Amino acid sequence: MEQPALLSIIRTENVYRFRLELPDGPPSVAQEHSLELTPEMRERLKRTLHAANQQMQALATAEAKRQTAKFGMANDALVTLGTFLFETLLPKSIQELLHRLDIALILKTNTPEIPWELVFDSTLKSSRFLCQHTSLGRVTLKSGENFPQPLAERPGRRLGRREIQGLSVLFLVNPTNERPVAEEEIATLC
């Protein structure tokens, strides 16, 4: 099984730092960029996140007959949000690499409130969300955690029998905080 690419997005105050590492590239060639959000950019991000959230909540609570009519509005809000994330926040060089990405991608970020999976690339003939053409996973960093260890410096793994068979997915969640051990398990796996 091929190693995935790693896109790290770290936010500190008003600065977003991006680093994209490809598994076949040396760590010194990793694309690393910073972007300081202006007050206008912060406000626009806040508005687009709020609009997408409102539309999705409205869709979830609508009656079955009205869902199809409202889905267009929710989709518009998601496209607007995704386009803003792609065109305004992501650096151009990372945009270009994402155009050509043909392997799985892990998002490692300390911004769980931003749905980076919905980055929308409207520059291609077939406009698409990142999650529509790339296998994606997300790891949420703890507050204060910095960029993760580069791919090349991570210890190698031998492929096990399960990995040869195909895709395996494990979700560990603890939404009600009733299982304190779950938090330890999640930390151990990450």
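**View 1. Arg19 and Glu21, two buried residues.** Arg19 and Glu21 are both buried, where buried means under 20% relative accessible area, exposed over 50%, and partly exposed in between (1.4 Å probe, protein chains only). Their side chains meet in a salt bridge with an N to O distance of 3.2 Å; the term denotes a side-chain nitrogen of Lys or Arg within 4 Å of a carboxyl oxygen of Asp or Glu. This is a predicted model, in which local features need pLDDT of at least 70 and side-chain atom pairs count only at pLDDT 80 or more, while totals for chains, interfaces and linings use all residues. Residues are numbered from 1 along each chain as its sequence is written, and side-chain values use heavy atoms, with hydrogens and water left out.

**View 2. Glu32 and Arg19 across two strands.** A salt bridge joins the side chains of Glu32 and Arg19 (3.9 Å, N to O). Glu32 belongs to strand β3 (residues 31–36) and Arg19 to strand β2 (residues 15–21), so this pair links distant parts of the chain, 13 residues apart; strands (E, at least two residues) and helices (H or I, at least four) are DSSP runs, numbered from the N terminus. Glu32 counts as partly exposed because its relative accessibility is 47%, whereas Arg19, at 10%, counts as buried.

**View 3. Arg138 and Glu117.** In this salt bridge, the closest N and O atoms of Arg138 and Glu117 are 2.7 Å apart. Arg138 lies in strand β7 (residues 136–140) and Glu117 in the loop between β4 (105–109) and β5 (120–121), so the pair ties together parts 21 residues apart in sequence. Arg138 is partly exposed, at 26% relative accessible area.
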